[in-house]
Amino acid sequence: MAVDLLLPPGAIWSQPFAVNDNGVIVGYATDSTNRFYPVRWNADLSPTALSLLPGDPNGEAKAVSGDGTAVGFSGAHLMRWSPDGTVIVLPLLPGGTGGWGYVSAISRTGTAVGQSALGAAAHAVKWRARTAGPSRSPR
């Protein structure tokens with residue numbers, strides 16, 4: 001049986017990307033101006049728009065942990081949105097050039113993974129649970 005995920009107020013379109021074992025779903029919604037923004041559907045399927053950073057026009061939530069923490073992006077910033085409303089910008093690797101990165105997944109316990117530019121190449125990155133700093137394996 002298919003279940004309709006309600007649109008947040010003002011949205012005309014939505015797309016989920018991930019669901020956790022507790023039924024929390026994350027993705028994005030789009031409004032009539034084609035602005036897209038991150039959304040968390042709670043276990044009761046009620047939608048909650050997640051905040052964008054000031055000046056960022058768009059964003060998406062790409063993955064969700066067991067406790068409902070979402071990761072994704074706001075503009076060019078990598079983000080972590082906690083269920084309690086805490087928002088953390090996930091930093092790119094120190095010394096990186098190009099100013100880009102991508103967060104693609106978060107574990108049940110809150111460890112996030114993705115990519116960050118370092119020199120001319122993209123490097124795999126792990127962000128520790130509940131912290132802002134990236135961690136790298138020693139070379």
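This report walks through some charged, aromatic and loop residues in a predicted model.

## Ground rules

Since this is a predicted model, local features need pLDDT of at least 70 and side-chain atom pairs count only at pLDDT 80 or more, while totals for chains, interfaces and linings use all residues. Residues are numbered from 1 along each chain as its sequence is written, and side-chain values use heavy atoms, with hydrogens and water left out.

## The salt bridges

How many salt bridges does the structure hold? There are two, where a salt bridge is a side-chain nitrogen of Lys or Arg within 4 Å of a carboxyl oxygen of Asp or Glu. One of them links Arg35 to Asp31, with N and O 3.2 Å apart. Asp31 is buried at a relative accessible area of 13%, while Arg35 is partly exposed at 32%. On that scale, buried means under 20% relative accessible area, exposed means over 50%, and partly exposed is anything in between (1.4 Å probe, protein chains only).

Glu60 and Lys62 make a salt bridge too, at 3.0 Å from N to O. Here both Glu60 and Lys62 are buried.

## Around Glu60

Glu60 belongs to strand β5; strands (E, at least two residues) and helices (H or I, at least four) are DSSP runs numbered from the N terminus. The relative accessible area of Glu60 is 12%, so Glu60 is buried.

What does Glu60 touch, setting aside residues up to four places away in sequence? The list is Phe17, Gly27, Tyr28, Phe36, Pro38, Gly72, Phe73 and Trp81, with contact meaning heavy atoms within 4.5 Å.

## Rings, and a lysine over one of them

Three of the residues that Glu60 touches, Phe17, Tyr28 and Phe36, form one aromatic cluster. The structure holds two aromatic pairs. In the pair of Tyr28 and Phe36, the ring centres are 5.9 Å apart and the planes sit at 70°, so this pair is edge-to-face. For reference, rings of Phe, Tyr and Trp (its six-membered ring) pair if their centres lie within 6.5 Å; planes under 30 degrees apart count as stacked, over 60 as edge-to-face and the rest as tilted. Tyr28 is buried at 14% relative accessibility, whereas Phe36 is partly exposed at 23%.

Lys62, the salt-bridge partner of Glu60, lies over the face of Phe17, 3.7 Å from the ring centre. A charge sits over a ring if NZ of Lys or CZ of Arg is within 6 Å of the ring centre and within 35 degrees of the ring normal.

## A buried aspartate without a salt bridge

Now for Asp56, in the loop between β4 (47–49) and β5 (59–64). Asp56 is buried, but has no salt bridge. Where is the nearest side chain of opposite charge to Asp56? That is Arg35, 10 Å away; Lys and Arg count as positive and Asp and Glu as negative, with His and the chain ends not counted.

Asp56 does have a side-chain polar contact of 2.9 Å with His77. Beyond neighbours within four places in sequence, the contacts of Asp56 are Ser74, Gly75 and His77.

## Arg40 in strand β3

Arg40 sits in strand β3 and is buried, with a relative accessible area of 6%. A polar atom of the Arg40 side chain is 3.0 Å from the backbone oxygen of Gly68. Not counting residues up to four places away in sequence, Arg40 touches a set of residues including Val24, Ile25, Val26, Trp81 and Pro83.

## Two loop residues with positive phi

Asn34 has a phi near 70°, a positive value in a residue other than glycine. Asn34 is in the loop between β2 (25–31) and β3 (36–41), and is exposed at a relative accessible area of 60%.

Leu45 is not a glycine either, yet has a positive phi of about 75°. Leu45 is placed in the loop between β3 and β4, and at 25% relative accessibility counts as partly exposed.

Terms used. A polar contact is a pair of N or O atoms within 3.5 Å; within protein, one must be able to donate a hydrogen and the other to accept it, and residues adjacent in sequence count only if both atoms are side-chain atoms.
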